[in-house]
Amino acid sequence: ILRALHYRKKIGANILLFANKTKDDVIHESELKWLLGDLIINLLSDEITEGYNHGIITEEFLKDNIPREYKRYYLCGPPPMMESVLKQLSGLGINEIQITMEKM
């Protein structure tokens, strides 16, 4: 999705919240930084590393890092994580119609 948006010059203000366990788990990091610049937020749950957020995706983290005016949200990852984030987005008043989830 991000490559297609970039090549069509429509990357806009898309933000990637990329949650992983460790820095070594972050795939395509240099390409994602090239595509998104400062619009990528890396979050590591099992490791504290300079330049990366630490913890898990919580409602508070979403509230602090995702602008409220966003209209579309895309979730991809393990089903338990997607369900958790779906509940958190709902808690922030985001309507399910605005959310696209990866099909497993």
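What you're looking at is a predicted model, so local features need pLDDT of at least 70 and side-chain atom pairs count only at pLDDT 80 or more, while totals for chains, interfaces and linings use all residues. Residues are numbered from 1 along each chain as its sequence is written, and side-chain values use heavy atoms, with hydrogens and water left out.

**The sheet and a helix across it**

- Three strands make up an open sheet, in the order β1-β2-β3, and the pairing is parallel.
- The edge strands are β1 and β3 (53-54), since each of them pairs on one side only.
- A word on terms: helices (H or I, at least four residues) and strands (E, at least two) are DSSP runs, numbered from the N terminus.
- Two strands count as a pair if DSSP finds at least two bridges between them.
- β1 and strand β2 (residues 40-44) run parallel and are joined by five bridges.
- Helix α2 lies across β1 and β2, and runs at about 145° to β2.
- That angle comes from axes, which are lines fitted to C-alpha atoms (for helices, over the stretch in contact), with angles running from 0 to 180 degrees between N-to-C directions; contact here means heavy atoms within 4.5 Å.

**Salt bridges**

- Search the whole structure and you get four salt bridges, each being a side-chain nitrogen of Lys or Arg within 4 Å of a carboxyl oxygen of Asp or Glu.
- One of them pairs R3 with E31, where the closest N and O atoms are 2.7 Å apart.
- This pair ties together distant parts of the chain, as R3 sits in helix α1 and E31 in helix α2, 28 residues apart.
- How open are these side chains? For the cut-offs, buried means under 20% relative accessible area, exposed over 50%, and partly exposed in between (1.4 Å probe, protein chains only).
- R3 is partly exposed because its relative accessible area is 43%, and E31 is partly exposed too, at 23%.
- Another salt bridge brings together the side chains of K23 and E29, at 3.7 Å from N to O.
- E29 also has a salt bridge with K33, with the closest N and O atoms 3.5 Å apart.
- K33 and E29 both belong to helix α2, four residues apart, which is about one turn of the helix.
- Put together, K23, E29 and K33 form a network of salt bridges.

**Two positive phi angles**

- K9 isn't a glycine, yet it has a positive phi of about 55°.
- You'll find K9 in the loop between α1 (2-7) and β1 (16-20).
- K9 has 76% relative accessibility, so it counts as exposed.
- H28 isn't a glycine either, and its phi is positive at about 55°.
- H28 is in the loop between β1 and α2 (29-36).
- With 48% relative accessibility, H28 counts as partly exposed.
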